[in-house]
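Biologist: Thanks for sitting down with me. Could you show me the model, and then we can go through a few residues together?

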Amino acid sequence: MASPSSPVQLLVTVAEPTRLRILNCLAAAPLFVSDLVAILGLPQPTVSRHLTVLRQAGIVRDTPIAQYVLYRIRREGGATGRLLQSILDAVGHEESLKLERHLAQDRHRSHTRTLAPAVVAAARG
């Protein structure tokens, strides 16, 4: 999937609060939908719908692992990539978002201790 075609398209996509919260969590670590549901306290269909928008916009990528899907931010250069990084750096200082980012890191760490090595390797890839 291509990256957002312009900085304006990126801003429009991430301006939705739930998508911004999802990206904030994914800035901490790759996560499964179930992780995002637990961290954000949102229903699974809501999280999945927003992840689909982010994936179609080229902002996140997914890796199927057995019956699960691991999501991570698609890191790219250029003006759009720098803009996304600036947005994520800025929201990381908001208290409520900072807490969600820490919860994301904790859930990711728990996966690295309990999941099969193949899952951990895919999360790093």
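Modeller: Happy to! A term to start with: pLDDT is the predictor's confidence in each residue, from 0 to 100. This is a predicted model, and the mean pLDDT of its chain is 88.

Biologist: Where in the chain is confidence highest, and where is it lowest?

Modeller: Helix α2 has the highest confidence, with a mean of 97. At the other end, with a mean of 56, the lowest confidence belongs to helix α7, residues 117-124.

Biologist: Let's look at Arg-19, then. Which side chain of opposite charge is nearest to Arg-19?

Modeller: Arg-19 sits in helix α2, which spans residues 17-28. Arg-19 is buried but has no salt bridge. A salt bridge requires the atoms to be within 4 Å, and the nearest side chain of opposite charge is 4.7 Å away: Glu-16.

Biologist: Which side chain makes a polar contact with that of Arg-19?

Modeller: Setting aside residues up to four places away in sequence, Arg-19 touches Thr-13, Val-53 and Leu-54, among others. The polar contact, at 3.2 Å, is with the side chain of His-50.

Biologist: And Val-14: is it buried or exposed?

Modeller: Val-14 belongs to helix α1, residues 7-14. Leaving out neighbours within four places in sequence, its contacts are Leu-20, Leu-23, Ile-59 and Ile-87. The cut-off for burial is under 20% relative accessible area; because Val-14 has 4% relative accessibility, it counts as buried.

Biologist: How far apart are the C-alpha atoms of Val-14 and Ala-57?

Modeller: Along the chain, Val-14 and Ala-57 are 43 residues apart.

Key
Residues are numbered from 1 along each chain as its sequence is written. This is a predicted model: local features need pLDDT of at least 70, side-chain atom pairs count only at pLDDT 80 or more; totals for chains, interfaces and linings use all residues. Side-chain values use heavy atoms; hydrogens and water are left out. Helices (H or I, at least four residues) and strands (E, at least two) are DSSP runs, numbered from the N terminus. Buried means under 20% relative accessible area, exposed over 50%, partly exposed in between (1.4 Å probe, protein chains only). Lys and Arg count as positive and Asp and Glu as negative; His and the chain ends are not counted. A polar contact is a pair of N or O atoms within 3.5 Å; within protein, one must be able to donate a hydrogen and the other to accept it, and residues adjacent in sequence count only if both atoms are side-chain atoms. Contact means heavy atoms within 4.5 Å.
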